[in-house]
Amino acid sequence: MEFAALDVREKFARVKNKLPKEIEKPIIAQFKRSDVPIVILAVTSLKRSTEEIRKIVDENVREAIKRVSGVADAEVAGGRERKILVEADQRKMAAYNLSLERIISMISQNNLNLLSGEIARTDDKYLIRMIGLYKTVDEIKNIPVQALPNGLIIRLKDVANVLDSYLEPTGYARVNIRPVVSIYVQKESTANTIKVAKQIEKEVERLRTVLPSDIQIVFTSNQADFIIKAIDNLRDSLLKGAGLIMIVLAYFLIKMDRRLLIITTSLLVLTLFMPVKFLYIVLVAMIIASVSIAKLRPLLIVTSSIPISVIITFSLMWAMKLSLNFMTFFGLAIGVGLLVDNSIVVFENILKKNEEGLTGVSAAIDGTNEVWVAILSATLTHIVVFFPMIYVGQEIRLLYGGVAWTVTISLVVSLFVAITVVPLLASRMKFSLEDIPKGYGKTNIVGVMRSVYSFQRKGVMLVMRYRYRALLYAFIIFAVSAFMFTKLGMEFLGTTEQNKFTVFVEMPTGAKLDVTNAVVKKVESLIREIPEVKTFSSRVEPWSSKVYVELVGLIHRKRSVAEVIESLRPKVEKVRPAFIYFEEEQEVGTKEVIVELFGYDYGTLREIAISMATRLGTVKGFTDTKIRMREGRPELGLKVDRKKASLMDMTVTDVADMIHAQMRGLRATLFHTSSSEVETIARLDEKYRKTFKDLHKLILVNKDEDRVYLEQVVDFKYGLGPSEVWRKNKTRMIQVSANIGRIPLSKAGEMTKSVMADLKLPEGYYFKLGGNYPTMMATQHQFPLMIILTIVLIYLVLASLFESYSQPFIIMTAVPLALIGVVIALYITGKSVGMGVLVGIMMLGGIVVSNSILLIDHTNNLRKKNMGHVKAVVLASRDRLRPILMTTIATLLGLLPMAISTQEGSNLWSPLSITVMGGLTSSTILTLMIVPSVYIIFEDAKRLTRKTLARYKRV
């Protein structure tokens, strides 16, 4: 972004000299003017007027806030800006043969502080400085502007009123209807919101110590609050996931009677729903119990990988300069469910060696050596799925890049812990095998696991007997799931349920500020009646105003932001003549469908845009349909008659400059105070420029001081003038948009195309969908390539580790089986296919093969002992049932708190969690049944191939 900004500045410098001198200086900054401010400050006082507050803000607060690192701009609204106003009397100027241009010149030339030279002496030198800056307003009043022939001096106060006053109000700011001076702070696009907000808070604390005691600075909106709350919610989900994993592993690693089973089950339910502060107590109690009670120590050995891996992961993240945000926390939360997988597999195999008679170090070494290839394969397949993310759009890389890095780091660390720490603890910590449920058919968990083992054995045997038919059925179910997946709605990114929304109040172009203010007050009164509203901050401007509304937290209200907006919508529709629409605050993306209309004539574009807006308004579910262009404002055009002007020795520029000075005023000079510079504006007194008649009678003066009325050299023409021009890719453009609410963006796009299908456009005019839609479609088109690349990478990893071309195909049978569960989960929860779902599917490619790897790796080990392939795969599916169930349930419970979360920000990670949970569930169940049969089918194919080759050789 820094280089892009430098590139823009460099290109702008090339054309700067070609721009008109009269324009305001262009601003090049790393932020969008349409961005919602990250912080809104309200400055109030019980003793001072808003003008006095504005003066303090301009002199002390605004610049201090702008100096904060990461702040792009700080706009001030409310109160009037201090100015030194020189309001000239047109009649007195005419009487003394004075022009406003001369007055402006005299004011400027009498305000100077200039280094004029130096005088050197033998030992030193003196600088010569001309000192003539105004120290008081009275000095400005008394400057001479004209000398009469009789020797009298005409001073400025003789022909003008000089006031230390304020400009006319250009806007108002209010908080909960109370007038304030607001500061709207926008950050640079690359800056960290939380860091910038914290630095602003520190600066505000400093300002409170130096400002007058009656001045109060209040934060009315802070975007960092949502992010911090989202991170806290995600941290809570991470802790709950860790607690659930510890408890569920107890079912598999501790012998239980009915009383202990009831206690453990109750603790499992309480952990899911109890407040986090109690969860800390439970976790600490479980750790202490695991250390002190020998029966619980196996639980500590397995789950020790979680804190160790997380601590090392934080260290590596710090070394890589990865920040802690809610996406990296999300990566950790996903990783928690996967962190124990490797430890479970290693410890379970060590227990198996203990059951076979090995103890201590020998059991730890042999048990680890036997499965290290399997856990290495599983870890690598988890990691390689993130490589295709470099091919997706920049938005997805920025959003989910933190997830990829965090998961990758945590998995590598968990592999290290599983092959070092777990064997060490298993060989050194004392625990009894009698306290651990044995393997197949010998567990005493109230018959539950015995029933699972029995069902799995019968299911495997039945599917193996009808393996070809079962494989065909599985393929058919997969094909149906793939078809149903394409029917799901697609969106770019899910909405983030924040506690804020913005009310936009659009008035007809040219509306007076007082009229707009009255309308905004009506909207404020309606907002005040909503019980869920915590606070609201208004920014009133002549044509376009905004009301930033913040609701109470989700746990304190029953209605969502969208429901609150829908309840307000019919009420504000009665407020005339304003067009009022709403926008939910989004951390990423927008909930709108945007149509971009291109052409060369704004009049034609406007007519087409009105037709488009009408069509969008008929679409069911679309709200707040609007044309994103500013209507032409009423104006009085002054066309200079060049012949008449030339007779007066005046040019069009001369006439324009004189009108500008008399009507709007020109900055004559800067009045320097102790802390700031105040503009001195010179113009005609209001009584000479108030009506159209006054405009006609403005006096123009040429170089020879000849005078003429404005109406003598110009023609007056009433009409509408353009207020703004939008261009995109050097082509004029108007945007038409509508709020799509809960409709998936893909469906909204199709509905938009449908209603625009028969719209006839003139030659040279065209439209296309803008906003997030093109990015979403580009990403959707890239998705098949990413899936193919993911599968190829997984195959290459498996082929290299298993030293086989065929077995990776058997293992990867689990991948298509995952889509079945994904589709079922998305239909049940009503989720659309967004980026979270797509990234979840990519991750599933690496996650679901872990179970198949365990199964096939153990089958290979059994076959090395000269066991038949049928018996080997049946025994392997039996022996690996417990670690497969343990790892799967641990991963599912680790993700469960995030999947069911409805807190702030949860919509960014909930779809991904639901996707992984659904895919992993179906894949695990079907893997235990289908993969053994696929293994037999491949063996059948090998045997048939060998027979065919042998027969061919005999022939």
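## Aromatic pairs

Eight aromatic pairs are counted in this predicted model, where rings of Phe, Tyr and Trp (its six-membered ring) pair if their centres lie within 6.5 Å. One of them joins Phe598 and Tyr766: the pair is stacked (planes under 30 degrees apart), because the ring centres are 5.0 Å apart and the planes stand at 15°. Phe598 belongs to strand β17 (residues 592-599) and Tyr766 to strand β27 (residues 766-770), so that the pair links distant parts of the chain, 168 residues apart. Strands (E, at least two residues) and helices (H or I, at least four) are DSSP runs numbered from the N terminus.

The two partners differ in burial, where buried means under 20% relative accessible area, exposed over 50% and partly exposed in between (1.4 Å probe, protein chains only). Phe598 is buried, at a relative accessible area of 2%, whereas Tyr766 is partly exposed, at 41%.

Tyr600 is exposed, with a relative accessible area of 59%, while Tyr765 is buried, with 8%.

Phe504, Phe579 and Tyr581 are joined by ring pairs into a cluster.

## Charges over rings

Arg539 is placed over Tyr184, at 4.3 Å from the ring centre. Lys697 is placed over Tyr709, at 5.0 Å from the ring centre.

## The chain as a whole

The protein chain contains 32 helices and 27 strands. Of its 955 residues, 53% are buried. Among contacts (heavy atoms within 4.5 Å) with a separation of 6 or more, 78% are between residues 24 or more positions apart. The accessible surface, from the Shrake-Rupley method with a 1.4 Å probe, comes to about 46500 Å², and carbon and sulfur atoms account for 58% of that surface.

## Basis of the values

Residues are numbered from 1 along each chain as its sequence is written, and side-chain values use heavy atoms, without hydrogens and water. In this predicted model, local features need pLDDT of at least 70 and side-chain atom pairs count only at pLDDT 80 or more, whereas totals for chains, interfaces and linings use all residues.

Definitions and conventions:
Rings of Phe, Tyr and Trp (its six-membered ring) pair if their centres lie within 6.5 Å; planes under 30 degrees apart count as stacked, over 60 as edge-to-face and the rest as tilted. A charge sits over a ring if NZ of Lys or CZ of Arg is within 6 Å of the ring centre and within 35 degrees of the ring normal.
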